[in-house]
Amino acid sequence: MKIIVDAMGGDNAPESAAWGGALAAREYGEEVLLVGDPDKVLTVLKSKGMEHTPGVTIMPASDLVDMHDDPATVLRHKPDSSMAVAFKLLKAGEGDALVSAGNTGALLTGATLYGGRIKGIRRGALAPVMPCKGGQVMLCDAGANTECTAEMLLQFAFLGALYIEKINGIKKPRVGLVNNGTEDTKGDPLRKEAYALLKKAGDEGRLNFVGNVEGSMVPLGACDVAVCDGYSGNVMLKTIEGVAKFMASEIKGVFTTNLATKLGYLACRKQLNQFRELFNQDKIGGSPFLGIAKPVIKAHGSSNEIAVMNAVRQAIAYTNSGMIDEVRKNIAYMTIDQ
C-alpha cells in the first residue's frame, strides 16, 4: 500500500509531515510518498536520521498551498504545489490514500475534483471524532457543507455509521440528528424533513436511528454519530474544543492555588493526565472526508509528527476497511426520488 503525504501542508511543515510520514513507514511497514520540496524534505529526514527509512520516497513539488489561498482556485493556480501534485498522484493510482494538514477548503476541493465523489453521493463530508462519555462520537458534517439538503443529512448518517462500524468496530452505531430539542416535531424545515428520512431508514433496519439529540447530549454519549449540517457541526466542534481548553485551564488554576492544592494535584496527577489525554488530537490523527471515492484524511493544521503518523495509520485503516465499496452497495438507500 502507498500513502501519499502532503509534506508541505500545515503550520509545522515540512518538519512534522516529513518526519511523521517516515515514522509511519517505519511503524506500519507501508510505503509513504512525501510530496514537497526535495531539499527541504531531505533536510528534515537527515536531521532525524531517517533519510534511509525503507518505504519512504520523496516526490518533488516546487510550490505549496498556504492557509490564505483561495480554496476554490488554488489547485488550478498552483498546479505544482505539494497538494496539487499529491492529488494528481492519487488520481493516477500511484497512491492508495492521501494525508494532508493543509488548507481544509483546498483539500475538499481537491478530494472532490481528483478523488471524485462516490456515484450518488451529493457532497463529501468532513467527519472528525471527539471524546464523549463512554467513548467517542463522530460529527458529520463538521464544516465542509454549510448549506445542506435533507438527502445530504441522510447520506451523512449512512456514511458516518458505516465508518464507525468499519473502522471503530462498533456494531449498529447509534445515529442522532442534532436539533434544538428531542421531540420529533422540533427543528426547522430541514431538520424535520431529515428526521422523517432518518426515521424511515431506522424503521427499515438500515440505520440505528435514536432520534433528535440536543447539543448538550452529544458530549454525554447520546449517540455514536451526530448528524448535522457543516455550519452547526463546525460551531459545535469549536465550542466543545473551547470549553475543554477553558476547563483544563480552570482545573490547572485550582491545583496551583496554594501548597495544599499542589499536594492534591500530586495525589491525583495520574487521573488528571488521563483526562488531558482524552482531548489529545495527536492520538486521533485527523478527520476523514467521507463520500469521496478514495481515502483522504485531513490532519489538523498544527499537527506534530505523532499526529501525522497517526493520520497515516488512519489512512491505512480506511483503505483496508472496504467502506467505500460498502457505500456503493448501499447507495440506493441513501438517495431519495427527485
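My entries below cover a helix pair and then a sheet.

**Entry 1: a helix pair.** I noted that this is a predicted model. I know that two packed helices are described by the angle between their axes and the distance between the axes. I looked up helix α1 (residues 15-28) and helix α12 (residues 305-321). Their axes come within 7 Å and cross at roughly 50°. The crossing of α1 past α12 is right-handed.

**Entry 2: who touches whom.** On the α1 side I found, among others, Trp 19, Gly 20, Leu 23 and Tyr 28. On the α12 side the list includes Val 308, Met 309, Arg 313 and Ile 316. I sorted the residues of this contact: nine are nonpolar, four polar and three charged.

Entry 3: Which strands stand at the edges? I first wrote down the order, β6-β7-β10-β8-β9, an open sheet of five strands with mixed pairing. β6 (129-132) and β9 (208-213) are the edge strands. Each has a single partner strand, so one side of each is left without a neighbour in the sheet. The twist averages 30° from one strand to the next.

Entry 4: β6 pairs with β7 (residues 135-140) in the antiparallel sense, over four bridges. I found that Cys 132 has Gly 135 of β7 as its bridge partner.

**Entry 5: helices on the sheet.** Helix α7 (residues 189-203) packs on the sheet and touches β8 (174-178) and β9. Its direction makes about 155° with that of β9. Helix α8 (residues 230-255) lies across β6, β7 and β8. α8 runs at about 145° to β7.

Notes
Residues numbered from 1 in each chain as written. Predicted model: local features only at pLDDT ≥ 70, side-chain atom pairs only at ≥ 80, totals over all residues. Heavy atoms only, no water. Axes fitted to C-alpha atoms, helices over the stretch in contact; angles between N-to-C directions. Helix = DSSP H or I, 4+ residues; strand = E, 2+ residues; numbered from the N terminus. Left-handed = near helix turned anticlockwise from the far one by under 90°. Contact = heavy atoms within 4.5 Å. Nonpolar A, V, L, I, M, F, W, Y, C, P; charged D, E, K, R; others polar. Pairing = 2+ DSSP bridges.
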